Amino acid sequence: AQSGVDRLDDERDDGQPRLRGLLDHGQSDPRNPLLTTNRAGREVSVVQLPTAPAQPWLRSTESPRLVQTHRWNRRIWTWRAADASADAPLVVVFDGDVWTQQHHLPASFDAAVEQGAMPQFAAVFIDSIDTATRWAELGPADGINEVVADEIVPWARETLGLNPSGG
């Protein structure tokens, strides 16, 4: 019998349908105590090598600076560091639903900025809606790129009080 990886190698297309299936139905390593959840809420194993740098900024709480809204038929979250200037950079984060709700990335941003490990900046987190929408929008050239560049980024810069042209 072929493994999932072997089946991926045998495909003549880009392998995405099979890869998606493996990601959605795989199992975590029962001997690995390091677990997280994927977008479907399934536990998955985390690989952390012995020489991996420490991650002192990881947090499991919500950031008080995170604001959720609903635009473009999806949830959008904005976040801005406490002392970010109008010229601060804007970071665009896809899979915003996962990074804000499951992994609390904005709270980790708070800690890293507060400790001087990251500069003052702002972020916009874009909800992927569901797995099918995510794969459809983030892969192809005609996906969500234009909406992000032409609508979401200008809206986020205005909403967060950043200069329209960036820093």
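Two residues are in contact when they have heavy atoms within 4.5 Å of each other. Keep that in mind as we walk through this predicted model, in which local features need pLDDT of at least 70, side-chain atom pairs count only at pLDDT 80 or more, and totals for chains, interfaces and linings use all residues. Residues are numbered from 1 along each chain as its sequence is written, and side-chain values use heavy atoms, leaving out hydrogens and water.

Let's start at N32. Leaving aside residues up to four places away in sequence, N32 touches S45 and V46. You will find N32 in the loop between α2 (16–25) and β1 (35–37); helices (H or I, at least four residues) and strands (E, at least two) are DSSP runs, numbered from the N terminus. Is N32 buried or exposed? N32 counts as buried because its relative accessibility is 17%, and buried means under 20% relative accessible area (1.4 Å probe, protein chains only). The side chain of N32 also reaches the backbone nitrogen of L34, at 2.8 Å.

Now move to the largest nonpolar core, which has 24 residues. Such a core is a set of buried Ala, Val, Leu, Ile, Met, Phe, Trp, Tyr and Cys residues joined through side-chain atoms within 4.5 Å. W79, L90, V124 and F125 have the most contacts inside this core. At least two residues each come from β4 (74–80), β5 (90–94), α4 (105–114), β6 (122–126) and α6 (145–159), and β6 gives the most, with 5 residues. In soluble globular proteins, nonpolar side chains tend to be buried together.

Finally, look at F125 itself. Not counting residues up to four places away in sequence, F125 touches residues including L66, W79, V93 and F109.

Conventions. Buried < 20%, exposed > 50% of the residue type's maximum accessible area, 1.4 Å probe, protein only. Polar contact = N/O pair within 3.5 Å; in protein donor to acceptor, adjacent residues only side chain to side chain.
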